[in-house]
Amino acid sequence: MAQLRQEVDPGEAGLDAKALDRLDQHIAHYVDEGRLPGFLVAVARGGRVAHLTTHGRRDVAAGLPVEADTLWRLYSMTKPVTSVAALILVEEGRLSLDDPVARHLPAFAEPQVYESGSGAEVRTRPAVQPLLIRHLLTHTAGLTFAFYHSHPVDALYRAAGLESAVLPGSDLATTVDAYARLPLQFEPGTQWNYSVATNVLGRVIEVVSGQPLDAFFAERILGPLGMTDAGFCVPDEQAVRLSELYGETADGGIEPIAGLPLRGRPRFLSGSGGMVASAHDVHRFMELLRRRGELDGVRVLTPESVDLMSANHLPGGADLRAFGSRPAHDEPGNDGVGFGLGVSVVIDPERTLAPSGLGSYGWSGVATTTFWVDPSHDLTVQFMTQVRPKSSLKLYPDLKRLVYEAVTG
């Protein structure tokens, strides 16, 4: 087990210690008000951790504090790891961004696109172009989530038993086949909709590599990077380090809720949201990206692949606002933010809802976790807690504002 530690004083890293204290105090108010159980925030510049704060409880009832080695459910922060895994196969020539998905998953050979109607009256047409690997990475595939309740295709996902994005009791292969039987919301590559696409990508990785997704991650990413606690399950001897998961109550408080089944290897290996990790693991992954594919002498990706991952790939170079607002829990969804290969990308800092460096990229998870890499400021930031809010806590914009107020050099 490795543990994240502060490595340098804020001033040496071009950060204002008093501003960082304001950051801590602001987020601590969420804990004091009973809206968060506890949190960890870490800010690094040039790869060196210059600010690391833990506050509050990882388990309120048991009185267990958040510690630097606490384990967190990443949920959608799993998606960038899956994207890196896919790009490894692209670099090896075993996969191409322009491969039809059907080349690897024949169930997607004849995708249908929604035209009109709802329920049993839904009318579809054959897709004009094939569904491609790049569409999965960019969420332009036309797939969706059942819980949106905003489109007739969402209802078809619910009717198919996919309310939680997985067929109950099924594995990744069976669940992805169920996705393939449902129509796409739109022609592939024409719009953006945050979706189950990364689960499909995870299944592609399994088929192309000949390995289960967890084995491929461990061999090609987690092991080489020293992400010693990251994976799809928590060993019994480490279970005490896992944070309790909380949900938001009607009065704005929190209460324990069921989370990912992390005790024992899960049947369903979700490339979309199945991972658990420590802050040390997240820092190692951010460092891989900040250093453009290499860490401590281990090269996982070429610089060109990381640059491709962190570039905007939305149709017409648009930002996410151009595709309307979706009720996704961790969708950035604001002006000036595009989308790359599994990460959001700041394309116009002047138009974003919170301060950001041009080219900053990262992603968030439904349990109110987030990370970003800012090449223009040589900055990486992670924030970890474990609350699934009924609506946004409005925490991320304040987090970004307070981080950038601390940047002095």
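Is F217 buried or exposed? Select F217: the model is a predicted one, and in it F217 has 0% relative accessibility. Buried means under 20%, so F217 counts as buried.

**Stop 1**

The structure holds 13 aromatic pairs. In the pair of F217 and F232, the ring centres are 5.6 Å apart and the planes stand at 35°, so this pair is tilted. F217 sits in helix α7 (residues 213–225), while F232 is in the loop between α7 and β7 (246–248). The pair therefore ties together parts that are 15 residues apart in sequence.

**Stop 2: an edge-to-face pair**

Now select F285 and F371. They form an aromatic pair of the edge-to-face kind, 6.3 Å from centre to centre with 80° between the planes. F285 belongs to helix α8 (residues 279–290) and F371 to strand β15, so look for distant parts of the chain, 86 residues apart, linked here. F285 is buried at a relative accessible area of 5%. F371 is buried as well, at 3% relative accessibility.

**Stop 3: an aromatic cluster**

Select F145, F147, Y148, W192, Y194, F339 and W363 together. These residues form one aromatic cluster.

**Stop 4: two hairpins**

Colour strand β1 (residues 38–45) and strand β2 (residues 48–59). They pair antiparallel over eight bridges. Find V43, then look across to H51 in β2, which stands opposite. The two strands form a hairpin with two residues between them. In its turn, G46 has a positive phi of about 60°.

Follow β2 onward to strand β3 (residues 64–65). Two bridges join this antiparallel pair. D59 stands opposite L64 in β3. This hairpin has four residues between the strands, and G63 takes a positive phi near 70°.

**Stop 5: two helices crossing**

Show helix α2 (residues 79–91) with helix α6 (residues 197–209). Their axes come within 10 Å and cross at roughly 35°. The crossing is left-handed. Residues making the contact include L89 of α2 and I205 of α6. By class, the contact has six nonpolar, five polar and one charged residues.

**Stop 6: a covered helix**

Finish with helix α10 (residues 395–405). Its buried residues are L395, D398, L399, L402, V403 and Y404. Among the elements covering them are α1 (17–32), β1, β15 (369–374) and β16 (379–384).

Note on methods:
Residues numbered from 1 in each chain as written. Predicted model: local features only at pLDDT ≥ 70, side-chain atom pairs only at ≥ 80, totals over all residues. Heavy atoms only, no water. Pairing = 2+ DSSP bridges. Axes fitted to C-alpha atoms, helices over the stretch in contact; angles between N-to-C directions. Left-handed = near helix turned anticlockwise from the far one by under 90°. Contact = heavy atoms within 4.5 Å. Nonpolar A, V, L, I, M, F, W, Y, C, P; charged D, E, K, R; others polar. Buried < 20%, exposed > 50% of the residue type's maximum accessible area, 1.4 Å probe, protein only. Phe/Tyr/Trp six-rings, centres within 6.5 Å; stacked < 30°, edge-to-face > 60°.
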